[in-house]
Amino acid sequence: MEQEGGLSPELLIQRALRKGELEELILREEIHWRQKVRVKWVKEGDCNSKFFHKVANGRRNRKFIKVLENERGLVLDNSESIKEEILRYFEKLYASPSGESWRVEGLEWSPIFGESASRLESPFTEEEIYKAIFQMDRDKAPGPDGFTIAVFQDCWDVIKADLVRVFDEFHRSGIINQSTNASFIVLLPKKSMAKKISDYRPISLITSLYKIIAKVLAGRLRGILHETIHSTQGAFKKGFSPRWRKWMRGCLSSVSFAVLVNGNAKGWVKASRGLRQGDPLSPFLFTLVADVLSRMLLRAEERNALEGFRVGRNRTRVSHLQFADDTIFFSSTREEDLLTLKNILPVFGHIYGLKVNLDKSNIYGMNIGQNHLHRLAELLDCKASGWPILYLGLPLGGNPKSGGFWDPVIERISSRLDGWQKAYLSFGGRITLIQSCLTHMPCYFLSLFKIPVSVAARIERMQRDFLWSGVGEGKRDHLVSWNVVCNPKSKGGLGFGRISLRNSALLGKWLWRYPREGSALWHQVILSIYGSHSNGWDANTVVRWSHRCPWKAIAQVYQDFFKFTRFMVRDGERIRFWEDLWWGDQPLGVRYPRLLRVVMDKNIPISSILSSTRPFSWNFNFRRNLSESEIEDLESLMRSLDHFHLSPSVPDMRSWSLSPTGLFTVKSFFLALSQCSGLPSVFPTKLVWNSQVPFKIKSFV
């Protein structure tokens, strides 16, 4: 009809309205399936495809509980009996323990004073609430209220006044009503063929309103961590004000829950103790509890009842390390020390309702015989094991240069590839998965260990084969060189990047953190073992230790890292006048080599040469009288610094030249390492990647 004579104005309006309605329906269907599938790494490509439906149904099948073995060994296969068994389990778990409660006495706590205390208790602001809401994932599964965070984000302008009133009331009363603090407990299998409740991980689906309140409180708590964390773990020092304790009591005492089994809720039970996985406050509160164990161990050390080991030339003492509920204890082989540890753990467990899982506990020996190790294991009622060990997902004591060390990474990538249906993915979809998933899966290992060339090539081959794969299992032609594919988008590539360069960028993060975290235990250990760099900021980069030492791989990145650092002079106490880059685009020792040759101390700090008052009093301290040409250089140098001034009592800083904020980012370092040499690219980057065409078409171009 349109081709014959054109549509009338009324029909054009109707067509535009119907088209808008159709697009709205398509968007709603896409959102429905995205929430059901929850595959964060597929954001583009064929959004509402067969692949999405297959993944959604696969997730549902994995979470469906068909049978359950109870504590007596009976196998339950009836849906109602399974729900009742799970509900009884959690009723017992969250019930108050019988008997007299114990208290901790004799441990020292540092109160929170001044600005930190005021920041914790200050009235909640609209800006603070807004920030918390828009930091959260909008599509996380909803709690009993049925609202996702997307509702609060999309309707912020309408509901913000009401939210501020809710926070004002909570600030005054510290009370959260039971309906706001209700939650569903959902069981997610930890492994395939899960049979017992212990084979499932309980996740709490909490209401969105409580999640927002907890997020704001957690943000305040996080803001004072740098002042209160103990060096052996992420923990707070006690000393919170009555108002803050009242708020915490309000968050914990009003919890009620129902178990959600196969999509059906069962029972509403009030919890008398315990933390919920899924509550933004839980990680911080758990760490607060774990700090008590840390201080009990330190008290035992002070009384010489427990001895760890001493590291390096400074004899830095290490007795234990904690990260959430994962703890490593370091001890001598004296049975007295192990008995002390064995006595401390059940006392701590009785006070806080936590138990050591002996089935998951192991003892490892260094330079001791197996018979002795097994005897100590019997003393502690745990298992004796050998090296390497797996701690926080990383192997410790292995050889990063061997291919077998990286097998867990290869296996994880392979299993993920096997789980994807290539036949349901477009070329653009495969690119998205490589960029957002396959490329980042090895990053945890890459952030601490240097990857061997052969392993990096193997992973890139898996990515390459997946990119060019399609329907069927036959070998496919690779249409473009992998080097071109890995180039940045500004150079005509897809921006995958080489794994070896990503590895270097991730290792560079430790070089940035080292001078900024001088009080951290890891900094003290590195300093004690390797000593300090001549610049006074970094650790010694000359590492002669074995290939098993992670710091050796980190030190190898230093030369590339240092090129992008700049110093910001404040009091001039830590920055070297001649050797460091702090004025102009070259170190002064490079710009004035004749002067550098005759100075007494090449590492002298700025504050020792320049005074903080104007006009400057200069103290160069040359070894001899200067020649005419050297005097000319000196006059040029003094003129160039005529407008420079020091800021007494303000410490010097180091900045990252690749970031507008001056702070290091792995991405900026990676992009700098990835830049191709040669002439600037003439590839029309913005024209291609900003065009309104399907992603797979952009990728093909």
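Between which two strands is the loop that holds Pro388 found? In this predicted model, where local features need pLDDT of at least 70, side-chain atom pairs count only at pLDDT 80 or more and totals for chains, interfaces and linings use all residues, Pro388 is found in the loop between strand E12 (383–385) and strand E13 (389–391). Residues are numbered from 1 along each chain as its sequence is written, and side-chain values use heavy atoms, with hydrogens and water left out. Helices (H or I, at least four residues) and strands (E, at least two) are DSSP runs numbered from the N terminus. Trp387 and Pro388 are joined by a cis peptide bond, with omega of about -5 degrees.

Most residues other than glycine have a negative phi, and most peptide bonds are trans. Asn367, in the loop between strand E11 (362–364) and helix H14 (370–380), has a positive phi near 60 degrees. Asn367 is exposed, at 84% relative accessible area; buried means under 20%, exposed over 50% and partly exposed in between (1.4 Å probe, protein chains only). A positive phi, near 55 degrees, is also found at Asn621, which lies in the loop between helix H26 (606–609) and helix H27 (628–640). Asn621 is partly exposed, with 46% relative accessibility.

On the surface, Arg243, Arg245, Lys246 and Arg249 gather in a patch of positive charge. Patches comprise residues with over 30% relative accessible area and no salt bridge, like charges being joined within 9 Å and nonpolar side chains (Val, Leu, Ile, Met, Phe, Trp, Tyr) within 5 Å. A salt bridge places a side-chain nitrogen of Lys or Arg within 4 Å of a carboxyl oxygen of Asp or Glu. Arg245 belongs to helix H11 (residues 242–253) and is partly exposed, with a relative accessible area of 43%.

Conventions: Accessible areas come from the Shrake-Rupley method with a 1.4 Å probe; for residues, only the protein chains shown count as cover. Lys and Arg count as positive and Asp and Glu as negative; His and the chain ends are not counted. The place of a charge is taken as NZ of Lys, CZ of Arg, CG of Asp or CD of Glu.
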